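Keep the structure open while reading.

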Amino acid sequence: MKSQWRLVTTVLALALGACSNGGGGGAAAPAVTQTTTTTPLPETPGEFTYELVFNGCSTGKHKLTTKKAYCDALLNDALNNNCAREMRVENYNRHCTGAQPANPGTLPSMSSARCVVNGMDLKDRTFLDNINPFNPQRRQSFRDMFWDGKKEQGYDILLSSADSYGKARFVLSPALSGTAALGEIQLRQRKNQDSFSVRSGLGSEIRLLVTNYDVEKEVEAVCISDKSFQRPKVDLHRVRCSTQSGEEIIEWDVKSTVEKRIKSSRNKETVIVRLKPATQGSLERIEIEALELDYDKTLKAEGALNEGLEIRYQGRETAKEVAISCAPASK
């Protein structure tokens, strides 16, 4: 039996102009009160409808027959006219968190890139924290990107401007003479006092995992992009890693995992580089893990070894940023 009841929600618009097509951080429209209509999710198959309006920009009315279709629809910018993105994410977090996989899945043919962000609250929560639908213990956000490859473009991938998990963006840079197209995941927390980033060549999966015990949050962002961006493969037996302290060469057989600690710019951080062989059709991977950043933060980044990998961190206790980059020595 279909269950359908209407929920009238009053939403105060946050800093994101969710009606913008670019998604790259333009000025927000003035905050206005919105009336929206949604259908709660029944436990048995039924009809799921929603129509969300933000500053006059409407998603249109959608009717879905399954919970998965409802959740997928909320994350589809094109289907929703690029409207009410903040409100769609809030509905997704209330009804669908955990319904989607933790990885980006398969890139649709129409997309240049896709990111999924998963956040976990690490602290002991109060009863009110747990029942507040706008403050879920786990936060999940998906974003598909349509990029022409001609100029640098940034896309918000963690969309709540007032969220203690921080703000995350994915920046795509076009290929230039002698350089490949690059993707960079950026995460800023504590009003930009802590900033983390990982950059690698496009065409493969890029991953950033930040555990911040100061704000008691863990955030993982994974982005994939079209394989046509991949560079021609080079010799991977020698890998050069550069820090502010100098360079180190790692040699490996490309058949087994190798791990090496390398020097950072300061003595208190521990930096570990792992080289991983290709498995089950995947490319050879490189992982950089930086421990004890500002004593209470950990950054872990991973990408395709052939595309190179660079991490950066700047925090409130750090006089100079931590920067580490690794790439095949033959590049």
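## Model and terms

Strands here are DSSP runs of E, at least two residues long, numbered from the N terminus. The model is predicted.

S225 sits in strand β14, which covers residues 217–225. Is S225 buried or exposed? The cut-off for buried is under 20% relative accessible area. S225 has 7% relative accessibility, so it counts as buried.

The S225 side chain comes to 2.7 Å from the backbone nitrogen of G203. G203 is also among the residues that S225 touches, leaving aside those up to four places away in sequence.

## Helix α1

Helix α1 spans residues 67–74. Its buried residues are Y70, C71, A73 and L74. Viewed down the axis of α1, these buried residues fall within an arc of 160 degrees, so they line one face of the helix.

## Nonpolar cores

In soluble globular proteins, nonpolar side chains tend to be buried together. In this model, the largest nonpolar core has 47 residues. Which of them touch the most other members? They are I157, F170, I185 and V273. Strand β19 (residues 285–293) supplies the largest share of this core, with 4 residues.

Another core, of 16 residues, lies apart from the largest one. Its members include L52, Y70, A84 and F142. Y70 is also one of the buried residues of helix α1.

How values were computed:
Residues are numbered from 1 along each chain as its sequence is written. This is a predicted model: local features need pLDDT of at least 70, side-chain atom pairs count only at pLDDT 80 or more; totals for chains, interfaces and linings use all residues. Side-chain values use heavy atoms; hydrogens and water are left out. Buried means under 20% relative accessible area, exposed over 50%, partly exposed in between (1.4 Å probe, protein chains only). A polar contact is a pair of N or O atoms within 3.5 Å; within protein, one must be able to donate a hydrogen and the other to accept it, and residues adjacent in sequence count only if both atoms are side-chain atoms. Contact means heavy atoms within 4.5 Å. The arc is that of the directions from the helix axis to the C-beta atoms. A nonpolar core is a set of buried Ala, Val, Leu, Ile, Met, Phe, Trp, Tyr and Cys residues joined through side-chain atoms within 4.5 Å.
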